[in-house]
Amino acid sequence: ANAVDAAADVAGGVVCLSGRRDAHQVRLAVQDNGPGIAPAQRERIFDLYYTTKSTGTGLGLSLVQRIAAEHGGRIDVDSRVGRGSTFTLHLPLTEADAA
C-alpha cells in the first residue's frame, strides 16, 4: 500500500514486485518510482506509530520488520529522493524449504 501511495504521487507511477530464491533465503522486493524518502524520515520509518500520512497508523513497516526478525529475516530499504524506493524482505529458508 505504501508503494502504491508513493507511485500515485508521480505521473506514470509504477510499482514492481520481484522475488528471488537462492540456497539460503528468499528475497521479496517492492519497488516504486515515487518521490523517495528523505534521510531524516528514513531513520524513523520502522518506528512504531511513525507516519507521514494523515490517515496512517504507523504500524505497517514496524510490524513487517518485527515479523521478519521473528523468522530470522530482515527488511532493507534503498530510497533516493526524487527517484523512488525499494523495500526488500529477506527470509531464511528452513532445511525443509531448501530440500
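Analyst: The terms are taken up in turn below, after a word on the model.

Analyst: This is a predicted model, in which local features need pLDDT of at least 70, side-chain atom pairs count only at pLDDT 80 or more, and totals for chains, interfaces and linings use all residues. Residues are numbered from 1 along each chain as its sequence is written, and side-chain values use heavy atoms, with hydrogens and water left out.

User: How many helices and strands are there in the protein chain, and what counts as one?

Analyst: The protein chain has four helices and four strands, and their order from the N terminus is α-β-β-α-α-β-β-α. The elements are DSSP runs numbered from the N terminus: helices are H or I with at least four residues, and strands are E with at least two.

User: Why is Tyr49 called exposed?

Analyst: Exposed means over 50% relative accessible area, buried under 20%, and partly exposed in between, with a 1.4 Å probe and protein chains only. Tyr49 has a relative accessible area of 58%, and is therefore exposed. Tyr49 is placed in the loop between α2 (39-42) and α3 (60-70). Its phi is near 75 degrees, which is a positive value in a residue other than glycine.

User: What is Gln31 in contact with, leaving aside its neighbours within four places in sequence?

Analyst: Contact means heavy atoms within 4.5 Å. With those neighbours set aside, Gln31 is in contact with Val14, Val15, Cys16, Ser85 and Thr86.

User: What makes β1 and β2 a pair of strands?

Analyst: Two strands pair if DSSP finds at least two bridges between them. Strand β1 (residues 15-21) is joined to β2 by seven bridges, so the two are paired, and they run antiparallel. Gln31 in β2 is the bridge partner of Cys16. Three residues lie between β1 and β2 in the hairpin they form.

User: How many bridges join β3 to β4?

Analyst: Seven bridges join strand β3 (residues 74-80) to β4, and these strands run antiparallel. Asp78 stands opposite Thr86 in β4. The hairpin of β3 and β4 has three residues between the strands, and Gly82 in the turn has a positive phi of about 85 degrees.

User: Is Gly84 buried or exposed, and why?

Analyst: Gly84 has 8% relative accessibility, which is under the limit for buried, and so counts as buried. Gly84 lies in strand β4 (residues 84-92). Not counting residues up to four places away in sequence, Gly84 touches residues including Asp32, Asn33, Gly34 and Asp78.

User: What makes a set of residues a nonpolar core, and which residues form the largest one?

Analyst: A nonpolar core is a set of buried Ala, Val, Leu, Ile, Met, Phe, Trp, Tyr and Cys residues joined through side-chain atoms within 4.5 Å. The largest has seven residues: Ile37, Ile45, Phe46, Tyr50, Leu61, Ile75 and Phe87. Leaving aside neighbours within four places in sequence, the contacts of Ile75 include Phe46, Val64 and Phe87. In soluble globular proteins, nonpolar side chains tend to be buried together.
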